[in-house]
Amino acid sequence: MRNWARPLMALACLAALAVPARPAAGAPADDGFAQIGAYLDRQVAETRAPGTAVAIVRGEQVVYQRTWGVDGDGEPVTGRTPFLLGSVAKPFTALAVMQLVEADRVALDAPIRRYLPWFRLADGTAATTITVRQLLTHTSGLPDVAAKGLTDRFDNTADGLTRSVRDLAGIRPTAAPGRTHQYSDANYQILGALVETVSGQPFGTYLRHNVLEPLDMRHAVTTEAEAEAVGLPAGHRHHFGRPQRFDPPYDTSGVPYGYLAASLDDLTHFTLAQLNDGRYGDTQLLSPDGVAQSHTGQVPVGSRGRYGLGWRDTVLTGTDTRIVWHAGATPGYFSHVVLVPESDLAVVVLSNVYSLPMDPPLAATAFNLVRIMHGHAATTATEEPLFTWTRIGLVAFAGLLLAGLVWTVFRTVRQRRSATRHGRTAARDGIEPARGRIIAGTAGWLAGCAALVAGALWGLPAALGGSGPAQVLLWALDIGQTLVAIAVLATALALVRIVRTGYALAGSRPADPPQRQDGQDRGQQLQHGQDRGQGCRATSPTAARVDGGDDADGRSHDGQPWVRRPEPAAPAG
């Protein structure tokens with residue numbers, strides 16, 4: 001999983017770029033592109049994307065290109081505006097690895113420890129057996145490591161990538177290497193370190209010299225310095241349905257798996273090479289066999305499709321069209337590249353907004369463009385209901401907690417005032433709360449509040465994908481903020497209950513005896529002593545009470561019950 005509030009940025013069609021080239025053979029007629037334009041207008045509005053860029057490539061030509069809206073700095077989006085690519089960076093990393101394979105510097109089925117002898121995992125056996133191919137196909141057995149703070153680190157130091165791989169030493173694989181596809185960014189972190197070690201260059205430097213420059217990708221970004229030079233703009237995250245600008249630091253250590261940036265023009269060059277057997281212009285980046293091997297699914301992905309070397313290989317739902325594709329996201333950006341090798345077609349969709357609930361409609365755009373290009377109707381995709389209802393439920397629960405906190409504070413203040421005014425009377429009347437019951441009730445409240453805090457900060461984030469609270473704040477800001485609010489309210493409620501318990505326990509002690517004037521006390525004691533010395537007897541109950549100064553309930557002022565002495569018999573005559 002990936003973290004605050006600005007008003008909704010207006011969505012407007014600022015520009016429409018038509019590439020000055022006639023449609024290639026098999027491209028849709030003008031009315032076909034009109035249908036695509038109408039669909040995209042609706043989709044941009046539905047996803048509430050401040051900026052979007054779309055291109056369709058067929059053969060060796062860009063047959064459709066258009067941009068909408070503004071970037072995170074308020075400038076119009078153009079074909080030269082850079083976007084962070086998310087996991088679309090993985091096909092670039094795979095291309096770099098395959099270049100080393102074809103240069104006989106790396107073997108696909110060799111263990112990664114051959115090239116990274118310092119590589120360690122919590123399972124020493126797995127660390128020695130994981131192969132380069134298994135890393136490319138996500139079959140190494142490594143789990144998702146985002147919740148452990150091992151991705152999205154925004155680390156721009158020279159050894160940031162190597163350090164991120166060394167930090168995997170505490171990770172234990174959750175499946176045997178080669179057994180099953182288990183998607184993890186950690187696989188491509190390791191591949192990035194492999195490229196660095198074998199080439200003797202920083203990963204970004206190798207990628208620029210061997211992939212980006214040969215593809216004439218002039219607005220691509222692989223380092224923090226390049227991000228500043230190119231002017232990588234801020235992205236946006238949906239915050240309770242509204243796009244909010246988000247501008248985190250660049251993450252050089254994350255380039256191999258997700259923090260590569262490129263423009264729409266750049267990605268059309270990349271797809272042209274993918275469709276033309278690894279060739280762009282006069283440059284052959286990879287052999288035709290290497291491209292075909294990369295595009296071909298090698299391991300099953302659940303019940304739908306297969307995963308190749310950095311690419312997904314599936315059949316488009318509702319059609320018989322084979323597609324090779326990869327989608328990606330970072331906090332603030334979404335990208336999608338779909339290749340249709342049999343139709344010599346590619347679609348690129350870039351958006352400068354992302355949130356987990358909006359993933360389905362964002363991902364549907366490129367797939368639906370392929371459907372329209374093949375004569376099928378577009379399908380409808382809506383927000384992910386799990387996240388939508390989770391957000392609604394959490395906000396409602398936070399509201400209930402806030403109401404409960406306010407009511408508890410009110411009752412605590414009222415209880416304190418009542419105890420001050422009536423505490424002694426209650427004590428004299430024997431009306432005292434049971435201390436054990438008070439303590440037990442408070443313990444129950446504290447346990448419940450602790451469970452709420454644990455559930456909000458760790459339980460629910462784990463249920464939403466194994467991520468920690470930091471990852472939820474990064475990738476689903478509104479849900480993350482609501483979870484933090486619940487944790488804070490539960491903590492505050494626990495503290496108020498502790499204070500209230502303190503007042504209740506203080507009120508359960510007997511009241512102090514009232515103070516009497518010293519003169520009156522001494523007079524009463526003297527009179528009482530005289531009566532006892534003279535052997536006087538009370539001639540009536542009234543006289544006895546006056547003599548003792550007792551209360552109407554037969555108790556003395558010191559709280560002790562009077563023992564009425566029986567009157568002696570009359571003396572014998």
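Both Phe 334 and Tyr 354 are buried, where buried means under 20% relative accessible area, exposed over 50% and partly exposed in between, with a 1.4 Å probe and protein chains only. The model is a predicted one, in which local features need pLDDT of at least 70 and side-chain atom pairs count only at pLDDT 80 or more, while totals for chains, interfaces and linings use all residues. Residues are numbered from 1 along each chain as its sequence is written, and side-chain values use heavy atoms, with hydrogens and water left out.

The structure holds 11 aromatic pairs; rings of Phe, Tyr and Trp (its six-membered ring) pair if their centres lie within 6.5 Å, and planes under 30 degrees apart count as stacked, over 60 as edge-to-face and the rest as tilted. Two of these pairs are set out here.

| Pair | Centre to centre | Angle between planes | Type |
|---|---|---|---|
| Tyr 257 and Tyr 259 | 6.3 Å | 90 degrees | edge-to-face |
| Phe 334 and Tyr 354 | 6.0 Å | 5 degrees | stacked |

Both Tyr 257 and Tyr 259 are buried. Another aromatic grouping is the one cluster formed by Phe 92, Phe 270 and Trp 311.

Charged side chains also meet rings, a charge sitting over a ring if NZ of Lys or CZ of Arg is within 6 Å of the ring centre and within 35 degrees of the ring normal. The charged end of Lys 90 is placed over the ring of Tyr 188, 5.9 Å from its centre, and Arg 312 lies over the face of Trp 325, at 5.6 Å from the ring centre.
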